[in-house]
Amino acid sequence: MRVYHKAYVYLTCGSELLVFSEPDYPEVGLQVPGGTLDPGESYLQAARREFCEETGLSLDIALESFADQDRILENVPDCLDGLHRRRHFHGRIPEKPAAEWEHFESSPSASGPPIRFRLFWIDLFADGPPSETRFFEGFGVQLETLRSRMEGQNNGRH
């Protein structure tokens with residue numbers, strides 16, 4: 001089985017998390033910015049590069065690894081078949097660059113034409129927070145860990 005090393009950014013502003021959907025493929029579900037490491041690239045370098053490619057924004061903040069995840073994907077449309085070894089990073093910003101925007105991923109890892117993303121924020125602590133089932137292929141599994149981490153940071157703990 002082929003192994004793909006992946007890096008993702010869970011960017012928060014206050015209690016909100018930056019996510020995106022694919023308007024042309026609504027069945028895909030919510031995702032967080034990130035993707036496949038290039039040869040010779042670290043997980044952190046890939047997280048920053050992929051974040052920029054998928055959002056149009058650059059990150060000049062600290063990113064901290066908070067979870068690792070192995071996920072086997074097989075026969076998922078527009079995804080590479082194999083083991084996806086994911087490292088999840090958390091970053092915090094003091095204010096949002098926009099409430100929502102669209103951006104095109106010009107170099108998808110599974111090749112093909114550019115993909116349109118609609119980026120927006122969801123409140124992780126609102127009544128009825130988003131279910132992990134609304135997220136694509138396991139990205140929501142990290143939400144509870146992220147919430148606990150954010151509560152700890154807000155209370156002065158890491």
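Which side chains meet in a salt bridge at 3.1 Å, N to O, with Glu144 as one of the two? The partner of Glu144 is Arg147; a salt bridge here puts a side-chain nitrogen of Lys or Arg within 4 Å of a carboxyl oxygen of Asp or Glu. The two sit three residues apart in helix α2 (residues 143–154), so about one helical turn separates them. Arg147 is buried, at 10% relative accessible area (buried is under 20%, exposed over 50%, partly exposed in between; 1.4 Å probe, protein chains only).

The model is a predicted one, so local features need pLDDT of at least 70 and side-chain atom pairs count only at pLDDT 80 or more, while totals for chains, interfaces and linings use all residues. Residues are numbered from 1 along each chain as its sequence is written, and side-chain values use heavy atoms, with hydrogens and water left out.

Across the whole structure, the search turns up 13 salt bridges. Asp68 pairs with Arg87, with 2.8 Å between the closest N and O atoms. This pair ties together distant parts of the chain, 19 residues apart: Asp68 belongs to strand β4 (residues 64–73) and Arg87 to strand β5 (residues 82–92). Helices (H or I, at least four residues) and strands (E, at least two) are DSSP runs, numbered from the N terminus. Asp68 is exposed at 52% relative accessibility, whereas Arg87 is partly exposed at 25%. Arg49 bridges to Glu50 at 3.1 Å between the closest N and O atoms, and Glu50 is buried at 8%. Through shared partners, Asp38, Glu41, Arg49, Glu50 and Glu53 end up in one salt-bridge network.

As for strand β1, nine of its 11 residues are buried. β1 runs parallel to β5, joined by 10 bridges (strands pair if DSSP finds at least two bridges between them), and His5 faces Arg85 there. With β3 (residues 34–36) the pairing is antiparallel, over three bridges, and Tyr8 stands opposite Gly34. Two bridges link β1 to β2, also antiparallel, with Cys13 partnering Glu16. Their hairpin has two residues between the strands, and Gly14 takes a positive phi near 60°.

The largest nonpolar core has 21 residues; such a core is a set of buried Ala, Val, Leu, Ile, Met, Phe, Trp, Tyr and Cys residues joined through side-chain atoms within 4.5 Å. β1 (3–13), β2 (16–21), α1 (43–55) and β7 (115–123) each supply at least two of its residues. Another core, of 19 residues, lies apart from it and includes Val32, Phe66, Ala67 and Leu124.
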